[in-house]
Amino acid sequence: MGRDFYGEFDEKVLKKAEPYVPEFIKNNTEIHTATLPNGNTVTEPVAVTSWISQLRKKLIGQKEYVEAEIATQKSAARNEVESVKQYWRENVLSDKKEIEDHFVTASVLSLGGWFFGSVISSRRNWGFSSPWNSEQAGILKRTPTVFSKLITSLPVRLTLPWILAGAAYQQLTPNTWNNALAAIKNDFLPKELVEQSAALYDSAIENGLKAQMKSLNKATHEGLESSIGAIREAIAERTQ
């Protein structure tokens with residue numbers, strides 16, 4: 001029989017003692033103590049735990065509110081974009097034949113017209129401000145004319161590129177151009193401004209310039225008739 005160097009061994013189940021909790025914590029109603037299943041003790045201040053819980057609920061509520069607001073704004077933006085697209089399809093781009101056949105060409109020519117208007121109304125191209133037209137380096141020195149002063153004036157520089165760009169659309173896509181003007185007047189510009197512009201156009205163009213041109217044409221026509229009549233009479237007298 002072998003020798004037992006360790007002596008007799010008795011198996012015993014060792015029970016863990018409960019964690020030590022000071023008496024002032026046990027008797028304090030503001031501090032809550034709980035023992036977890038694994039034997040650990042958790043001590044928490046009731047007031048702090050309640051405050052953290054309320055703060056957490058507020059943060060979660062704010063997060064959900066912000067997410068809902070962002071989703072609402074995205075949906076509203078999508079609806080607005082779709083409404084704008086539908087408005088343009090129904091009120092401006094309604095002539096499918098013009099859009100399919102001439103819109104791209106009109107856009108290219110319109111862009112070219114805009115650049116042409118910008119170049120032709122630039123003061124640099126008429127000798128006002130150019131490195132080649134100065135007292136020090138007057139290689140291409142020239143004196144600006146009255147026409148160049150007119151074509152480079154501020155109103156012309158602001159309007160000429162856009163007028164030429166619009167003229168391309170007006171000539172190649174007249175229906176789309178008229179639809180765009182009607183949409184701008186009816187849905188975007190104030191009614192008072194449209195009425196004032198129409199009255200100014202009638203007084204300046206219809207009753208002013210066009211009336212003067214008609215009067216000039218009539219006077220010219222009558223003058224030509226009288227001159228031709230006088231020439232005929234003179235020729236008739238000489239041939240008799």
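In which helix is the place of Thr176? Thr176 sits in helix α7, residues 174-188. Helices here are DSSP runs of H or I with at least four residues, numbered from the N terminus.

This is a predicted model: local features need pLDDT of at least 70, side-chain atom pairs need pLDDT 80 or more, and totals for chains, interfaces and linings use all residues. Residues are numbered from 1 along each chain as its sequence is written, and side-chain values use heavy atoms, without hydrogens and water.

Thr176 is buried, at 7% relative accessible area. Buried means under 20%, exposed over 50%, and partly exposed in between (1.4 Å probe, protein chains only). Leaving out residues up to four places away in sequence, Thr176 touches Val92, Leu93, Glu98 and Ile99. Contact means heavy atoms within 4.5 Å.

## The buried side of α7

Thr176, Ala180 and Ala183 are buried in α7. They lie on the same side of α7 because they cover an arc of only 65 degrees around the axis. The arc is taken from the directions from the helix axis to the C-beta atoms. Cover for the buried residues of α7 includes α2 (46-91) and α3 (96-101).

## Aromatic pairs

The structure holds four aromatic pairs. Rings of Phe, Tyr and Trp (its six-membered ring) pair if their centres lie within 6.5 Å; planes under 30 degrees apart are stacked, over 60 edge-to-face, and the rest tilted. Phe103 and Tyr169 form a tilted pair, 5.9 Å centre to centre with 40 degrees between the planes. Phe103 is in α4 (residues 103-120) and Tyr169 in α6 (residues 154-172), 66 residues apart.

Key: Helices (H or I, at least four residues) and strands (E, at least two) are DSSP runs, numbered from the N terminus.
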